[in-house]
Structures are given as structure tokens and as C-alpha cells.
Amino acid sequence: MTRVFALLCCGAVLAACNPFTGPQAGRALYDQNCASCHGSDGRGGAHVPDLTGLAARHDGRYPQLLVLNKLDGYARGDVVYSGVEMPEFGHLLTGRLTRVQTDRGLSRPLPEKLIALDAYLQRIQR
Ligand code: HEC
């Protein structure tokens, strides 16, 4: 029975079964790398966007691709708030890759640290 449940669980949400890619791991990474600017509650500040309002600012849909591109540096230079630019986080791209299904139905191999941060950010949407 336990095995059946484990199989079902892993089949349904592969990333959620991996302790390195879940929101808890993401929270730890967030505290280490992001909280100094975006705030420990993710609500940002004068020149730093509120990360709990990402979905609200995109018609109620969490903009996963925007977040992933922001974090992997692909969207570097796409500054949404004037003044300060988001720093690069090359070290988040190191380590193991895991294949995930993105919200656009694409299957992409992504660094586990990015997947974890993305999972955490999805969870804190208002
Ligand atoms: C040095 C301050 C700083 C740190 C540290 C920082 N950010 Fe940012 N972040 C910004 C600023 C400023 C912006 C807005 C300018 C821009 O888009 O580059 C931003 C933008 C973003 C955006 C895009 C928001 C939008 O509405 O388009 C996301 C997502 C984001 N940050 C996530 C993170 C995550 C996750 C981390 C930790 C890995 C992090 N940031 C660390 C300053 C920071």
C-alpha cells in the first residue's frame, strides 16, 4: 500500500517528492539569497518588487517562465522597477538537474535549486 502511494505520488508530482526541489528547500535558499532585498516575507520594498504579488500582477496566474528566466539570468536587463537591477545568481545554477514540466507544458531539465525557489515562490502568492 505504501509503495502504491509512493508511486502515485512520484508519478503525479515528481519534483514535489524530491526534498531538494520542494518549497521547504526553496525557503532556505530564499532566506540565504533573496530575503536581504525582497524581505523575509517576500513583500519587497521601495525599489524591489513584492514577490508575493507576482500572480496578482499577471492576471492571477503565477508567471513561472518569467521567474525562471529571471533567476537563470536569461532575462537579465529586463528591469521592471527603475533604479536597481537584480543581481545574478550563478551558484543557483550549479548542482544536480531534474526534469520538470513547466506551466507551458514544456519539459525542461532545470537546476534543483531553481526548481526549489520556484516552488517556494508559487507557495507564497497572495
Ligand atoms: C540586491 C537585491 C536583490 C536580491 C538579493 C534579489 N533580488 Fe530579485 N529583484 C531585485 C530588484 C531590484 C528587482 C527589480 C529589477 C529587475 O527586475 O531586475 C528584482 C526582481 C525580481 C523578480 C522579478 C519580479 C517581477 O515582478 O518581474 C523576481 C522573480 C525576483 N527578483 C526573484 C528573486 C529571488 C528568487 C532572489 C533570490 C535568489 C532575488 N530575487 C534576489 C533585487 C534583488
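Reader: Which residues are in contact with Gly44, leaving aside its neighbours within four places in sequence?

Author: Gly44 is in contact with His38, Gly39, Pro49, Asp50 and Leu51; contact requires C-beta atoms, placed from the backbone, within 7 Å. The model is predicted, so local features need pLDDT of at least 70 and side-chain atom pairs pLDDT 80 or more, while totals for chains, interfaces and linings use all residues. Residue numbers start from 1 along each chain as its sequence is written.

Reader: What makes Gly44 partly exposed?

Author: Gly44 has 16 other C-beta atoms within 10 Å. Because 20 or more within 10 Å makes a residue buried and 12 or fewer makes it exposed, with C-beta atoms placed from the backbone, a value in between is called partly exposed. Gly44 is found in the loop between H4 and H5. Cys34 is 10 residues from Gly44 in sequence, and their C-alpha atoms are 9.9 Å apart.

Reader: Where does Asp59 lie, and is Asp59 buried or exposed?

Author: Asp59 also belongs to the loop between H4 and H5. Asp59 has 7 other C-beta atoms within 10 Å, and is therefore exposed.

Reader: What is the phi of Asp59?

Author: The phi of Asp59 is positive, about 55°, although Asp59 is not a glycine. Most residues other than glycine have a negative phi.

Reader: How many helices and strands does the protein chain have?

Author: The protein chain has 6 helices and 2 strands, in the order α-α-α-α-α-β-β-α along the sequence. Helices are DSSP runs of H or I with at least four residues, strands are runs of E with at least two, and both are numbered from the N terminus.

Reader: Why are E1 and E2 said to pair?

Author: Pairing requires at least two DSSP bridges between two strands. Strand E1 (residues 97-101) and strand E2 (residues 107-111) are joined by 5 bridges in the antiparallel sense. Leu97 has Pro111 of E2 as its bridge partner. The two strands form a hairpin with 5 residues between them, and Gly105 in the turn has a positive phi of about 80°.

Reader: What makes H6 mostly covered?

Author: In H6, 10 of the 12 residues are buried, among them Glu112, Lys113, Asp118 and Ala119. In the protein chain of 126 residues, 17% count as buried.

Reader: Which residues come nearest to the ligand?

Author: Asn33, Cys34, Cys37, Val84 and Met86 come nearest, of 23 residues around the ligand; a residue counts if its C-beta atom, placed from the backbone, lies within 6 Å. Helix H4 (35-38) and helix H5 (64-71) each supply at least two residues of this shell, and H5 gives the most, with 4 residues. The shell divides into 17 nonpolar, 4 polar and 2 charged residues. Here Ala, Val, Leu, Ile, Met, Phe, Trp, Tyr, Cys and Pro count as nonpolar, Asp, Glu, Lys and Arg as charged, and the others, Gly among them, as polar.

Note on methods
Contact = placed C-beta atoms within 7 Å.
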